Amino acid sequence: MKRYFPFLLIFAASVLAIPAVPVYLRGTGEGESSAASEAEPESDSGSGSEADSAETESDGVYRILDVSTGEVMEVTAEEYIIGAVCAEMPATFEPEALKAQAVAAHTYAERQRLRELENPTAELCGADFSNDTSKYQGYFTENQAKQYYGENFEVNYSKIKDAVQEVSSYILTYEDEPIISAFHSMSSGTTESAENVWGAAVDYLVPVDSSYDTAAPKYLEETRYEKDILEAKLTASFDGLELGEDFASWITIGEVSESGTVLTAAVGNKTVTGTEIRAALALRSACFEIEYDGDEAVFTTRGYGHGVGMSQYGANSMASEGKTWQEILEHYYPGCEIEEIS
């Protein structure tokens, strides 16, 4: 078994904008949770301490802080991965897509475990992460999965469990370290770079073709805001904003990436990012266009999520065409290795 050391990915100061992992699909194929990956920036740092050279093999257990009770739960790696896949990907997806999701979820957990070993977060009380999905990856206990799936529990849970058991010993690595296993619901048709979304380049989080996504449910969505509601939302999000009299010029798109993400836009007297507009207006993605229809602004979005890393709908489409979980991961995380750790 190949061993690895604590994750020490050192960027310039801009790396502070890179999240742990993406905003996650919440089991329906249509929704996403506000995981820390997008809501709260996180940095990786190394101090050159003895921990840098100490072997840190997993004991096969993850520790999860229950924020409602303060209890630290211990679950096996396999149990955790099953619960994470239940929370993050629809059970109706193809088995090979579920396996790819399982490896991404396991990679997240290992990366986070190593981070906590090196630089513990006081609020976690010795845990690797918590069940607060605004900060960490989604996870269902078996009882929560029973409530979520209802009468379909046995079929769905067994399907996910079978997929996880086949890949539970694998994670994704880059230069022998667990990767930032970002994923999202569906892209614009091409995934986005970490640099364009979070401000710092990551060698393996780069644009790749995901044209399957254009056929995904709700790929194109229209969101309308009446003038007064739009004004309220924008002024609440951007301090010192002055919108002016011309409604049709309140938001003007500036630079757009090759993947379709709005990189800059003028909002009144402010220059902001498409991601900031997305957050302010609860849009499905930062790949959007604007039209003005009388006293309404009409936003048409493409895809769902930040667009970095693996597209879940793209993974499912690849699986339906006979691609393996390995081929899916190699496509969406180019240059990374699939490593067996237990």
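Reader: Why is glutamate 96 called buried?

Author: In this predicted model, glutamate 96 has a relative accessible area of 19%. Buried means under 20%, so glutamate 96 is called buried.

Reader: Which residues is glutamate 96 in contact with, leaving aside its neighbours within four places in sequence?

Author: Those residues are Ala319, Lys323, Thr324, Trp325 and Ile328.

Reader: What makes the approach of glutamate 96 to lysine 99 a polar contact?

Author: The distance does part of the work: the two side chains come to 2.6 Å, and the cut-off for a pair of N or O atoms is within 3.5 Å. Glutamate 96 also has a polar side-chain atom 2.8 Å from the backbone nitrogen of tryptophan 325.

Reader: Where does glutamate 96 sit, and in which helix?

Author: Glutamate 96 belongs to helix 3. Helix 3 covers residues 95-118 and packs with helix 5, residues 153-167.

Reader: Which residues make the contact between helix 3 and helix 5?

Author: Helix 3 brings Pro95, Leu98, Lys99, Ala102 and Val103, while helix 5 brings Lys159, Ile160, Ala163, Val164, Glu166 and Val167.

Reader: How many of the residues in that contact are nonpolar, polar or charged?

Author: Eight are nonpolar, three are charged and none is polar.

Key:
Residues are numbered from 1 along each chain as its sequence is written. This is a predicted model: local features need pLDDT of at least 70, side-chain atom pairs count only at pLDDT 80 or more; totals for chains, interfaces and linings use all residues. Side-chain values use heavy atoms; hydrogens and water are left out. Axes are lines fitted to C-alpha atoms, for helices over the stretch in contact, and angles run from 0 to 180 degrees between N-to-C directions. Helices (H or I, at least four residues) and strands (E, at least two) are DSSP runs, numbered from the N terminus. Contact means heavy atoms within 4.5 Å. Ala, Val, Leu, Ile, Met, Phe, Trp, Tyr, Cys and Pro count as nonpolar, Asp, Glu, Lys and Arg as charged, and the others, Gly among them, as polar. Buried means under 20% relative accessible area, exposed over 50%, partly exposed in between (1.4 Å probe, protein chains only). A polar contact is a pair of N or O atoms within 3.5 Å; within protein, one must be able to donate a hydrogen and the other to accept it, and residues adjacent in sequence count only if both atoms are side-chain atoms.
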